[in-house]
Amino acid sequence: MASRLPLLRRISKLFKAPPPAPLRSSRRSLSLRFLLPQAPTPNVSPWSFASSRSFCSGPLNIPQDSQGPAPIDYRSVLLEDEFHGLANSTIHDLQEKLEEYGDVVELDGFDVDYGNEVLTLKLGALGTYVMNKQTPNRQIWLSSPISGPSRFDWDHNAQAWVYRRTKANLLKLLESELEQLCDQLQRKITSNRFQSISIVAYLEIVHVIVLVTGRRYDI
Amino acid sequence: MLRLVAKRLLGTASGDIPSRPLQILPRLYHENVIDHYNNPRNVGSFDKNDPNVGTGLVGAPACGDVMKLQIKIDEESGKIVDACFKTFGCGSAIASSSVATEWVKGKSMDEVLTIKNTEIAKHLSLPPVKLHCSMLAEDAIKAAVKDAEAKRAKTNATLKGADVKSG
């Protein structure tokens, strides 16, 4: 908690810098310091093919990165319990951080909802994120107002949720998109539109970034 | 007293319990989705052994979504002359694959690979939770094209082999 105060001071300094260009560069340097927290290492026992999965033959198994569905590496198939443990901890972690943030500030139309194992994050006019588990595929599915739908698999080597087609990391993607939303708000501020709401929202969005990847600041 | 309790439970007690107004659901299917659901275009199947037919089968029953999209290629021009689909899934999935079959007709195989799930989603005004259906439709198109190309390559290879033998 205490570590957030100097950060907020830094954020307000950033905000006071007049031209947008230096602002952008200093925000970039801020984001570079965001190292993602290490996910817990699961005790993965030898995989076993879950009988509940039935995948279509042919097209799905042809390896190709840019076109069509990604190939499945059966050696890294998670057992269902392990998948639930990992996915639940990721989603609950995010949910807690987002709720914390929601309690502290008030963005117009902000809402975090977790029901039926689906996490919904509403950012008012900026759009809605929906995150859920897709158990048969051992994936976390994300729907983003910026990047659309993505499906993340657990990568043992990276110890993270990765979207095979774009190699995107779940937390990194959320972080960069929230930064992008920040940029959008920043442009609105400098163009003198929606000033009162945007100023608060800008600080709030950056705050979310801190919370989402915030473990670094607890050191 | 029991009778009164029962009446209250059943909601027939006069005056005490106000009648609840009908709750209008905030989320509705867009009219384009309803249209495609009620009047789906190009439902059916082609003979998958036809060398000019490409079949894309994506999804999994366990996930609740399976799409089969087939395209018929014209031998000479290499363009898609006909398409059909069969989908097991929600209204948005059915609509997405129906739209996909409409959009691929008359285009070349390279051109249809540029069809993005975002365009399908925008056309149908899909809510965030249903964007995955549009992605599946895009995957179905890609899978069908891939199959068609593989078949063409195979046919060409066989023809070349036959030429060499006869020549």
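User: Helices (H or I, at least four residues) and strands (E, at least two) are DSSP runs, numbered from the N terminus. How many helices and strands does chain B have?
Analyst: This is a predicted model, where local features need pLDDT of at least 70, side-chain atom pairs count only at pLDDT 80 or more, and totals for chains, interfaces and linings use all residues. Residues are numbered from 1 along each chain as written, chains are lettered from A and ligands numbered from 1 in written order, and side-chain values use heavy atoms, without hydrogens or water. Read from the N terminus, the elements of chain B go α-α-β-β-β-α-α-α-α. That gives six helices and three strands.

User: What share of chain B is buried?
Analyst: Buried means under 20% relative accessible area, exposed over 50%, and partly exposed in between (1.4 Å probe, protein chains only). Chain B has 167 residues. The buried share of them is 40%.

User: Among contacts in chain B between residues at least 6 apart in sequence, what share join residues at least 24 apart?
Analyst: Contact means heavy atoms within 4.5 Å. Pairs at least 24 apart in sequence make up part of this set in chain B. Their share is 61%.

User: Which residues touch the most other members of the largest nonpolar core?
Analyst: A nonpolar core is a set of buried Ala, Val, Leu, Ile, Met, Phe, Trp, Tyr and Cys residues joined through side-chain atoms within 4.5 Å. The largest one has 35 residues. Its biggest contribution, seven residues, is from α3(A). The members that touch the most others are A:Leu123, A:Met131 and A:Trp161.

User: How many residues does the second, separate core have?
Analyst: Nonpolar side chains tend to be buried together in soluble globular proteins. Here a second core stands apart, with B:Val33, B:Ala100, B:Ala144 and B:Val145 among its members. Its residue count is 32.

User: Is A:Val212 buried or exposed?
Analyst: A:Val212 sits in helix α5 of chain A, which covers residues 195-212. Its relative accessible area is 5%. The cut-off for buried is under 20%, so A:Val212 is buried.

User: Which residues does A:Val212 touch, not counting those up to four places away in sequence?
Analyst: Sequence distance and distance in space are separate things here. A:Val212 and A:Glu96 are 116 residues apart in sequence, yet their C-alpha atoms are 9.3 Å apart in space. The residues that A:Val212 touches are A:Leu94, A:Lys97, A:Leu98 and A:Leu178.

User: Which residues does B:His132 contact, leaving aside neighbours within four places in sequence?
Analyst: B:His132 belongs to helix α6 (residues 131-166) of chain B. With a relative accessible area of 6%, B:His132 is buried. Its contacts are A:Trp141, A:Leu142, A:Ser143, A:Pro149, A:Ser150 and A:Arg151.

User: What is the phi of A:Glu117?
Analyst: Most residues other than glycine have a negative phi. A:Glu117 is in the loop between β1 (110-115) and β2 of chain A. It is partly exposed, at 41% relative accessibility. Though not a glycine, A:Glu117 has a positive phi of about 60°.

User: Where in chain B does B:Ser125 lie?
Analyst: B:Ser125 is not a glycine, but its phi is positive, at about 50°. Its relative accessible area is 41%, so B:Ser125 counts as partly exposed. In chain B, B:Ser125 lies in the loop between α5 (117-124) and α6.
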